[in-house]
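These are my notebook entries on one structure. I looked up selected residues, helices and pockets in turn.

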Amino acid sequence: MRIALTITELHPGGAENCLVNLACWLQQRGHEVQVWQLWPPPPESRRQLTDRLDDQNIPWHSGNAVRAWHFPGAVGWLATQLSEFSPDVVQSFLFHANVAAAWAMRRSSVPLVGGVRVRQPQWIRGWLQRSAVRRMRHVVCVSQ
C-alpha cells in the first residue's frame with residue numbers, strides 16, 4: 001500500500017515523533033511510505049526525526065511555508081506532490097496539515113484520515129478544523 005503522511009513540521013515533538021514511528025513501522029511491514037511537512041526542513045540541530053526517516057530510506061518533503069500568506073501555495077504544492085505519489089491513503093497530523101491536506105485532496109477520491117489532538121481555541125481555527133474534518137474518511141483523536 002502507498003501511504004502519504006502529512007504534518008505541519010518535523011521538529012522534535014509528540015505528534016511529530018508519532019508520525020515518524022508510524023512511518024517506520026509501516027515501512028518495515030512492506031508499505032511504501034512518504035512524508036510531507038508544510039514547513040521548511042528543520043535546522044541541523046533539530047533533525048533527529050528527519051535523520052530517522054533518512055536512516056529508514058523514507059522520503060520526506062518540505063513545502064517551505066512559514067507565514068499565513070504561504071498557505072495557499074503550500075496547499076497547491078501538497079496537491080501536486082500527493083497526485084504525483086498517487087497514495088492509497090493519506091493521513092494528516094496537526095491543525096495546519098489537516099486543513100492543507102483536506103483542501104489539497106478536495107477533488108480526490110483517496111481516503112484522508114486526520115488526526116485531531118487539541119481543541120482549537122480561536123473561532124476561525126475551529127471553523128477551519130470542522131471544515132477539514134468533513135472531508136476526512138476517519139478521524140483519529142487523542143484522548144484518555
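**Entry 1: H61.** I looked up the accessibility of H61 and found a relative accessible area of 22%, so H61 counts as partly exposed. The classes I use are buried for under 20% relative accessible area, exposed for over 50%, and partly exposed in between, with a 1.4 Å probe and protein chains only. H61 is found in strand β3. Helices (H or I, at least four residues) and strands (E, at least two) are DSSP runs, numbered from the N terminus. I then listed the contacts of H61, leaving aside its neighbours within four places in sequence: Q34, V35, W36, Q37, W77 and Q81. Contact here means heavy atoms within 4.5 Å. H61 and Q34 are 27 residues apart in sequence, and their C-alpha atoms are 8.1 Å apart in space.

**Entry 2: basis of the values.** I note that this is a predicted model, in which local features need pLDDT of at least 70 and side-chain atom pairs count only at pLDDT 80 or more, while totals for chains, interfaces and linings use all residues. Residues are numbered from 1 along each chain as its sequence is written, and side-chain values use heavy atoms, with hydrogens and water left out.

**Entry 3: helix α3.** I checked the span of helix α3 (residues 71-85): its 15 residues should span 21 Å at 1.5 Å a residue, and its end C-alpha atoms are 21 Å apart, which agrees. The expected span is 1.5 Å times one less than the number of residues. Which residues of α3 are buried? I recorded F71, A74, V75, L78, Q81, L82 and F85. Seen down the helix axis, the buried residues of α3 fall within an arc of 130°, so they line one face of the helix. That arc is taken over the directions from the helix axis to the C-beta atoms. An α-helix has 3.6 residues a turn, so residues three or four places apart point the same way. On the other side of α3, I found P72, S83 and E84 exposed. The cover over the buried residues of α3 includes β1 (2-7), β2 (32-37), β3 (60-62), β4 (89-93) and α4 (95-104).

**Entry 4: helix α1.** Buried in α1 are A15, E16, L19, V20, A23, C24 and L26. Their cover includes β1, β2, α2 (48-55) and β4. C18 also lies in helix α1, but with a relative accessible area of 41% it is partly exposed. C18 and F93 are 75 residues apart in sequence and 9.3 Å apart in space, C-alpha to C-alpha.

Entry 5: Most residues other than glycine have a negative phi, and most peptide bonds are trans. Where does S86 lie? I placed S86 in the loop between α3 and β4, just after α3. Its phi is positive, near 55°, in a residue other than glycine. S86 is partly exposed, with a relative accessible area of 46%. N57, which is not a glycine, has a positive phi of about 60°. I located N57 in the loop between α2 and β3, and at 64% relative accessibility N57 counts as exposed. After α1 comes G30, with a positive phi near 95°.

**Entry 6: pockets.** On a 1 Å grid over the protein atoms alone, a pocket is an open set of points where a 1.4 Å probe fits, with protein on both sides within 12 Å along at least five of seven lines; lining residues have an atom within 4 Å of a point. Grid points are joined across faces, edges and corners, and a volume is the space filled by probe spheres set on the points.

The largest pocket has a volume of about 270 Å³. Of its 13 lining residues, R67, A68, F71, F95 and H96 are the closest to its centre. α4 gives the most to this lining, with four residues. I sorted the lining of the largest pocket by class into 10 nonpolar, two polar and one charged residues. Nonpolar covers Ala, Val, Leu, Ile, Met, Phe, Trp, Tyr, Cys and Pro; charged covers Asp, Glu, Lys and Arg; the others, Gly among them, are polar.

For the second largest pocket I noted a volume of about 210 Å³. It is lined by 15 residues, with A79, S83, A104, M105 and S108 nearest its centre. The largest share of this lining, five residues, comes from α3. Its residues divide into nine nonpolar, four polar and two charged.
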